[in-house]
Amino acid sequence: MLRVVCTEFGDPEKLTLVEEPDPLPGPGEVLVGVEAAGVSFVDGLIVQGRYQVRPPLPFTPGSAVAGTVLAVGDGVDPAQKGTAVVGSVLGFGGYASRAVLRNPVSLPPGVGPVVAASALESYCTLVFAVTRRVAIAPDEWVVVLGAGGGIGLAAVDVARSLGARVLAVASSAEKRAAAVAAGATEAIDYTDLKDGIRAATGGGADVVVDPVGGPAAESALRALRAGGRFCVLGFASGEIPRLPANIVLLRNRTVVGVDWGDWAREVGGAEGQAALLADVVGRIGRGDLHPPQPVTAPLAEAAQILRRYADRTAVGKYVLVP
């Protein structure tokens, strides 16, 4: 097998590609021939040592993979061999041609491995958000910051599927165009953001989805209507905002944390995560959700893809194809 290895925290250009024997599945596990490995902004932070999770060195980045079951461990139905599946690697190890999974989800007809791998992390985050953290009603205005990235485009798509009107906020014309193509009603940049949101929505947002943080967060919070909900998904800007509590108090606003990964590890567990992922791929298979076709690249280009995320030049999702 081939896998990408991080031997020291730092720039993604330090990643190396190695060849080694295939792993063996343990009890309750399956060995998957990886056909697509999802790449995320968080992967780059982990490689740089800038994320709250710091795996022991050396390690292989990535967790979202899709492919075909090659072998099964004890306690797993042998009939699973040859099945097309998607799932999360145990710990890390997604950027590889082979991966060991527990509780993978079978892919429905019409959902290929490239789309499935690209959608796992971002769409699990957003479906988790709208099923367990915040309610979105039809015709409400949902403002999505960072709308041209993987999480942002998933937020646009999920909100659209619930009948909401979506205002996408993104830094470039290319990213705004991608958000509109994903279903956004309108798209704006970050200039005079509070007033821009209020003008575009006719008075203010009902929900803000924020994976960006930084100064835009407070502006978007101030643009919420009475009873509005502000969803904190992350801090891609690199700056954690200090949101004023008085603005939350005024007009009965709510700030909601959305941490799918923590829920999957500490609350939902393997079975809960498998059920959530099955819900996600089921929505895609039925045509309720429409993940954009990702850009594909070989494993050897993992560093270049992570550099695009770090430099904020990535639009949409990228997938490594071993």
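**Figure 1. Aromatic pairs in a predicted model.** The count comes to 4 aromatic pairs in this predicted model. In one of them, the ring centres of Y309 and Y318 lie 5.7 Å apart. Their planes stand at 75°, so the pair is edge-to-face; the cut-off for that class is over 60 degrees. Are Y309 and Y318 buried or exposed? Both are buried. Elsewhere, ring pairs join F9, F59 and F92 into a cluster.

**Figure 2. Helix α2 against helix α3.** Two packed helices are described by the angle between their axes and the distance between the axes. Helix α2 covers residues 113–133, and helix α3 covers residues 150–161. Their axes come within 9 Å. They cross at roughly 45°. The two helices are therefore oblique to each other, and their crossing is right-handed. Which residues of α2 and α3 meet? From α2 come S122, Y123, T125, L126, V127 and V130. From α3 come G150, I151, L153, A154, A155, D157 and V158. The residues of this contact of α2 with α3 divide into 9 nonpolar, 3 polar and 1 charged.

**Figure 3. Helix α5 against helix α6.** Helix α5 spans residues 193–201 and helix α6 spans residues 215–222. The axes are 8 Å apart. The packing angle is about 40°. The pair α5 and α6 is therefore oblique. α5 passes α6 in a right-handed crossing. On the α5 side, the contact is made by L193, K194, I197 and R198. On the α6 side, A216, S219, A220 and R222 take part. How do the residues of the contact of α5 with α6 divide? They divide into 4 nonpolar, 1 polar and 3 charged.

**Figure 4. A cis peptide bond at P58.** Most residues other than glycine have a negative phi, and most peptide bonds are trans. The bond from L57 to P58 is cis. Its omega is near -10°. Where does P58 lie? P58 sits in the loop between α1 (41–48) and β4 (64–72).

**Figure 5. Positive phi at D139.** D139 has a phi near 70°, a positive value in a residue other than glycine. The residue is found in the loop between α2 and β8 (141–145). Why does D139 count as exposed? Its relative accessibility is 51%, and exposed means over 50%.

**Figure 6. Positive phi at R312.** R312 also has a positive phi, near 65°, in a residue other than glycine. R312 is placed in the loop between α9 (302–310) and β15 (318–320). Its relative accessibility is 37%, so R312 counts as partly exposed.

**Figure 7. I240 in its loop.** I240 belongs to the loop between β12 (224–232) and α7 (245–249). At 59% relative accessibility, I240 counts as exposed. How far apart are I240 and V212 in sequence and in space? The two are 28 residues apart in sequence. In space, they are 8.8 Å apart, C-alpha to C-alpha.

Definitions and conventions: Residues are numbered from 1 along each chain as its sequence is written. This is a predicted model: local features need pLDDT of at least 70, side-chain atom pairs count only at pLDDT 80 or more; totals for chains, interfaces and linings use all residues. Side-chain values use heavy atoms; hydrogens and water are left out. Axes are lines fitted to C-alpha atoms, for helices over the stretch in contact, and angles run from 0 to 180 degrees between N-to-C directions. Helices (H or I, at least four residues) and strands (E, at least two) are DSSP runs, numbered from the N terminus. Angles under 35 degrees count as roughly parallel, over 145 as roughly antiparallel, 65 to 115 as roughly perpendicular and the rest as oblique. A crossing is left-handed if the near helix is turned anticlockwise from the far one by less than a right angle, and right-handed if clockwise. Contact means heavy atoms within 4.5 Å. Ala, Val, Leu, Ile, Met, Phe, Trp, Tyr, Cys and Pro count as nonpolar, Asp, Glu, Lys and Arg as charged, and the others, Gly among them, as polar. Rings of Phe, Tyr and Trp (its six-membered ring) pair if their centres lie within 6.5 Å; planes under 30 degrees apart count as stacked, over 60 as edge-to-face and the rest as tilted. Buried means under 20% relative accessible area, exposed over 50%, partly exposed in between (1.4 Å probe, protein chains only).
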